[in-house]
Amino acid sequence: MELVSCVESCYGQAIRTQAREVLYELGVRHAHILIEDGGALPFVIAARLEAAIRGAGLSCERRVLPKRLDLPAPALKDRVRRTRLYVPGNEPRYFVNAALYRPDGVILDLEDSVHPLEKESARILVRNGLRTVDFGKSERMVRINKLPVGLEDLNEIIPQAPDLIMLPKIEDARQVTVIDQHIKKIAQCERVDRPIWIMPILESAMGIENALSIATASDLICALTIGLEDYISDIGVTKTPGGQETLFARMRMLNAAKAAGLQAIDSVYADVGDLEGLARWGEQSCSLGFDGMGCVHPSQISVVERAYTPSRVELEKALRIVSAFDEAQSEGLAVVSVDSKMVDAPVVNRARKLIESARMLGHLSAASVNVRISDNGSSSDDFRDRKANQ
């Protein structure tokens, strides 16, 4: 065994010992091994060795699984998904720091960010990362490759109980059905007794046309999202800062998601250096009804969070609306006036959703939702006075 390592003096013996243990578990007894190490963590060393052995055509059915951390609580279907940070699946150095930026979700990517020759290695790295890396409160997501390669990804990933699988290049419901059945089969065999949600990514004109059938193809689907770069290429147009060329597709996907009772997640904003443009896009996206969007760099996370977080003014108004409406309902009135505007049930429903969103984000306690907030000119008495005058 030949080891070239920047931490030879401190960890050289530990690396050699681990390497021998991994090779032994994989059935390798006689070999010449060259390890070039830049300070990798043990789960990375194990993954690199396993990938090298598989690449040599040996031990394809064997696994060397590092000790697994205790799993976090299962992710709720409707949990907050404002931000999701993409992390290349073949770059484990980014795994360990991803939680520091506190995105709502971390996506360990096996698709576009991984070279075709590194798919096998990335698959093993992501598998080991799910077992050993603490992602904090971030939802643990994995973007697999499109079918049929994606099924090989699932064979490695599902036994590690990720929270969510992202499905790229989805164009019809049949693709979702195949993946749904594969996930459930593996989960049953591996005794994974927690939900693993799926999020189809619509990236073509055909995918957009089939949005509703895709959205209703599986009970595991928690959200739909869209990949604008591939969609723009598919329809053959030029991308513009305002995104007029993709508005129809985004709204059709959003409408299908809402019709199916799912979250609608917007695409990434690809220009990492344009944070002002990102802020404008995020605010527009939120106003259209999207529940979140992707981030390709940590610097985008706080900008997107602000765009999707209810402001104090919005929250206070929503609380006034709900309080005034509930009071009016208790007195037999169907509508009420708040800030000189008439408020009926649809407006109240939107206010309740905003309040619930704020509560889920930790900006509002459950107790404070029940507190009636009084405000001059914003009560059922005001409405009764207007009605009497009429």
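Colleague: Where is the place of Thr246?

Modeller: Bear in mind that this is a predicted model. Helix 9 covers 228-235 and helix 10 covers 247-259. Thr246 falls in the loop between helix 9 and helix 10.

Colleague: Is Thr246 buried or exposed?

Modeller: The relative accessible area of Thr246 is 1%. The cut-off for buried is under 20%, so Thr246 counts as buried.

Colleague: Which residues is Thr246 in contact with, leaving aside neighbours within four places in sequence?

Modeller: With those neighbours set aside, one of the contacts is Trp281.

Colleague: How many aromatic pairs does the count come to?

Modeller: Ring centres have to lie within 6.5 Å to pair. By this rule, the count is 2.

Colleague: Are Phe43 and Phe95 stacked or tilted?

Modeller: Their centres are 6.4 Å apart, with 20° between the planes. Planes under 30 degrees apart count as stacked, so the Phe43 and Phe95 pair is stacked.

Colleague: How many residues apart in sequence are the parts that this pair ties together?

Modeller: Phe43 belongs to helix 2 (residues 42-55), while Phe95 belongs to helix 3 (residues 92-98). The parts tied together are apart in sequence by 52 residues.

Colleague: What is the angle between the planes of Tyr269 and Trp281?

Modeller: Tyr269 and Trp281 are both buried. They form a tilted pair, 6.1 Å centre to centre, and the angle between the planes is 50°.

Definitions and conventions
Residues are numbered from 1 along each chain as its sequence is written. This is a predicted model: local features need pLDDT of at least 70, side-chain atom pairs count only at pLDDT 80 or more; totals for chains, interfaces and linings use all residues. Side-chain values use heavy atoms; hydrogens and water are left out. Rings of Phe, Tyr and Trp (its six-membered ring) pair if their centres lie within 6.5 Å; planes under 30 degrees apart count as stacked, over 60 as edge-to-face and the rest as tilted. Helices (H or I, at least four residues) and strands (E, at least two) are DSSP runs, numbered from the N terminus. Buried means under 20% relative accessible area, exposed over 50%, partly exposed in between (1.4 Å probe, protein chains only). Contact means heavy atoms within 4.5 Å.
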